[in-house]
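Morning, everyone. Please have the sequence and the model open side by side. I'll go through a few places one by one.

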Amino acid sequence: MIDSHCHLDGPKFAHDLDAVLDRAAEAGVTRMLSIGTGQIDCAVRLADHYAPVFATVGVHPHDAAEATSKTVDDIRALARNPKVIAFGEIGLDYHYDYSPREVQKDVFVEQLRLARDLKLPVIIHTREAWADTIATLREHWTGPGIMHCFTGDSAQAREALELGFSLAFGGVLTFNTAAQVREAAAIVPDDRLLIETDAPFLAPIPWRGKRNEPSFMVQTVRKLAEVRGTTAEHIAQITTDNFNRLTAKNAVSAATLSTAPHSPPTP
């Protein structure tokens with residue numbers, strides 16, 4: 001299995017990340033994509049230290065108001081790292097409005113252009129902003145991408161699929177209140193399906209409310225298999241194949257490093 005979206009930096013994993021990665025390996029999670037939000041280089045530094053961890057770069061919509069021309073320069077420089085295999089998470093978030101909506105839109109569009117220049121797939125965050133997110137993507141994006149932590153309905157899933165996006169499902173899929181998410185997960189074609197944790201957030205049942213971690217993805221895979229009338233092994237295989245195809249920029253590096261033991265961080 002590949003965890004296509006997690007946040008392994010920060011205080012919630014500061015004291016036991018080695019153990020977290022060991023548990024992930026024991027559960028069959030061979031690779032994890034750590035998302036570069038907050039400090040621009042946070043995921044890259046982590047990926048440089050741990051073989052199973054790969055990285056993204058980008059500005060989360062919460063942080064859009066803090067983006068500058070230097071931010072763009074920093075992202076371009078970091079994207080040269082061979083372990084940077086996607087751009088994100090980027091998009092729109094109208095739930096908290098930590099950054100003004102017009103600023104979010106401007107930074108979103110700029111980052112779509114930058115991702116195109118860098119030839120990286122985009123990872124989209126959208127919360128209470130679906131219509132504006134889809135409209136922006138229709139106008140400014142034609143490449144591959146992932147709808148991260150998809151929690152929409154079947155109609156929204158079809159919209160994303162029509163734009164060429166893959167849909168990633170996480171722990172929400174297991175929630176008792178997530179019937180519409182399960183309905184959406186049932187209609188996604190095999191070749192557009194991904195899995196994720198969004199760790200440390202959104203732990204699946206039976207760990208809901210606790211810190212999430214990559215090893216917990218097993219429960220999401222089991223639920224996804226149930227929803228789609230197949231086996232967990234099949235879900236693991238197709239989602240791994242899909243992730244590899246989407247991140248083909250570094251397919252050779254990923255295949256080489258995916259089974260390597262994680263290395264300790266340098267002092």
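Start with helix H6, residues 154-162. Ser-154, Ala-157, Ala-160 and Leu-161 are buried there. Buried means under 20% relative accessible area, with exposed over 50% and partly exposed in between, using a 1.4 Å probe and protein chains only. Helices (H or I, at least four residues) and strands (E, at least two) are DSSP runs, numbered from the N terminus.

Why do the buried residues line one face of H6? Down the helix axis they fall within an arc of 115°, so they share that face. The arc is taken from the directions from the helix axis to the C-beta atoms. In general, an α-helix has 3.6 residues a turn, so residues three or four places apart point the same way.

What do the buried residues of H6 pack against? Helix H5 (130-140), strand S6 (145-147), strand S7 (165-169) and helix H7 (179-187). Contact here means heavy atoms within 4.5 Å.

Now the two ends. At the start of H6, a side-chain oxygen of Asp-153 comes to within 3.2 Å of the backbone nitrogen of Ala-155. Just after H6, Gly-164 has a positive phi of about 90°.

A quick word on the source. This is a predicted model, where local features need pLDDT of at least 70, side-chain atom pairs count only at pLDDT 80 or more, and totals for chains, interfaces and linings use all residues. Residues are numbered from 1 along each chain as its sequence is written, and side-chain values use heavy atoms, leaving out hydrogens and water.

Cys-149 sits in the loop between S6 and H6. Its phi is positive, about 50°, although Cys-149 is not a glycine. Cys-149 counts as buried, at 15% relative accessibility.

Move to the loop between S8 and H8, the place of Asp-198. Asp-198 is not a glycine either, yet has a positive phi of about 60°. At 9% relative accessibility, Asp-198 counts as buried. Pro-200 is found in the loop between strand S8 (193-195) and helix H8 (217-228). The peptide bond from Ala-199 to Pro-200 is cis, with omega near 10°.

Glu-89 lies in strand S4, residues 84-93.

That's the tour. Questions, please.

Terms used:
Polar contact = N/O pair within 3.5 Å; in protein donor to acceptor, adjacent residues only side chain to side chain.
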